[in-house]
Structure formats: structure tokens, C-alpha cells
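Hi everyone, thanks for coming. I'd like to walk you through one structure today, slowly enough for anyone who is new to it.

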Amino acid sequence: MLTRAFPRTFRLALLEKDIGIAAVMANDLDARTPLLSLTAERFHEARERLGEEADHVEAVKMVEQENGIQIK
């Protein structure tokens with residue numbers, strides 16, 4: 001992130017899927033996992049905004065946009 005290179009290492013869409021599965025499993029077990037739920041929501045938002053081909057580290061772009069900053 002700091003170099004702004006954003007190399008393709010792991011698709012954001014795949015990470016969102018994995019986190020979503022974990023959130024559903026936790027919910028099915030009636031486990032209280034507020035951070036997991038929030039993480040699933042935020043990664044879903046990031047994929048929606050950045051697209052299917054975005055890399056997972058590009059999720060930082062959403063935070064930057066929301067806050068009007070660029071992390072360097």
C-alpha cells in the first residue's frame with residue numbers, strides 16, 4: 001500500500017467470499033462476532049466499489065476515498 005504499487009496477489013472478491021462464509025458460520029452458531037460482521041460488510045462494500053478484479057490490498061482505496069486522504 002505504501003508504495004502504491006498494489007501488486008496482484010489475492011483478489012478482493014475471493015477474500016470477501018471467505019470472510020462472508022466465516023460470518024455466516026458464526027451467525028449459524030449464534031456466536032457474537034461484531035468485528036467479523038463489520039469486516040464482512042466493509043469488504044463487500046470495497047468489492048462493490050472497486051470491482052471483481054481488484055486486489056485485496058486495494059481495499060485501502062475505499063478508506064482513502066471516504067476520508068479524503070491518501071496513505072503513503
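I'll start with the overall picture and then visit a few residues one by one.

A word on the source: this is a predicted model, where local features need pLDDT of at least 70 and side-chain atom pairs count only at pLDDT 80 or more, while totals for chains, interfaces and linings use all residues. Residues are numbered from 1 along each chain as its sequence is written, and side-chain values use heavy atoms, with hydrogens and water left out.

So, what does the chain contain? The protein chain has three helices and zero strands, and from the N terminus on the order is α-α-α. Helices here are DSSP runs of H or I with at least four residues, strands are runs of E with at least two, and both are numbered from the N terminus. Along the principal axes, the C-alpha atoms fill a box of roughly 40 × 25 × 20 Å.

How much of the protein chain is buried? Of its 72 residues, 25% are buried. For us, buried means under 20% relative accessible area, exposed means over 50%, and partly exposed is in between, using a 1.4 Å probe and protein chains only. The protein chain exposes about 5000 Å², and carbon and sulfur atoms supply 58% of that. Those areas come from the Shrake-Rupley method with a 1.4 Å probe, and for residues only the protein chains shown count as cover.

Next, contacts, which means heavy atoms within 4.5 Å. Among contacts between residues at least 6 apart in sequence, 63% join residues at least 24 apart.

Let's go inside. The largest nonpolar core has nine residues: Leu12, Ile19, Ala23, Ala40, Phe43, Ala46, Ala54, Ala59 and Met62. Helix 1 (12-28) and helix 2 are the elements that give two or more residues to this core. By nonpolar core I mean a set of buried Ala, Val, Leu, Ile, Met, Phe, Trp, Tyr and Cys residues joined through side-chain atoms within 4.5 Å.

Now look at helix 1, where you'll find glutamate 16. Is glutamate 16 buried or exposed? It counts as buried because its relative accessibility is 14%. Its side chain and that of arginine 47 are joined by a polar contact of 2.3 Å. A polar contact is a pair of N or O atoms within 3.5 Å; within protein, one must be able to donate a hydrogen and the other to accept it, and residues adjacent in sequence count only if both atoms are side-chain atoms. Setting aside residues up to four places away in sequence, glutamate 16 touches Phe43, His44 and Arg47.

Moving along, aspartate 30 sits in the loop between helix 1 and helix 2. Aspartate 30 counts as exposed, at 69% relative accessibility. Its phi is near 55°, a positive value in a residue other than glycine. For background, most residues other than glycine have a negative phi.

The next stop is the loop between helix 2 (34-50) and helix 3, the place of glutamate 58. Glutamate 58 is buried, with a relative accessible area of 8%. A polar atom of its side chain lies 2.7 Å from the backbone nitrogen of aspartate 55. Leaving out residues up to four places away in sequence, glutamate 58 touches Phe6, Arg8 and Leu50.

That brings us to phenylalanine 6, in the segment before helix 1. Phenylalanine 6 and glutamate 58 are 52 residues apart in sequence, yet 6.4 Å apart in space, C-alpha to C-alpha. Phenylalanine 6 is buried too, with a relative accessible area of 10%. Beyond its neighbours within four places in sequence, its contacts are Met1, Val57, Glu58, Val60 and Lys61.

Finally, helix 3. Which residues of helix 3 are buried? They are Val60, Met62 and Glu64, and what covers them includes helix 2. Just after helix 3, glycine 68 takes a positive phi of about 65°.

We finish with glutamine 70, in the segment after helix 3 (60-67). Glutamine 70 counts as partly exposed, at 47% relative accessibility. Apart from neighbours within four places in sequence, glutamine 70 is in contact with Arg4 and Glu64.
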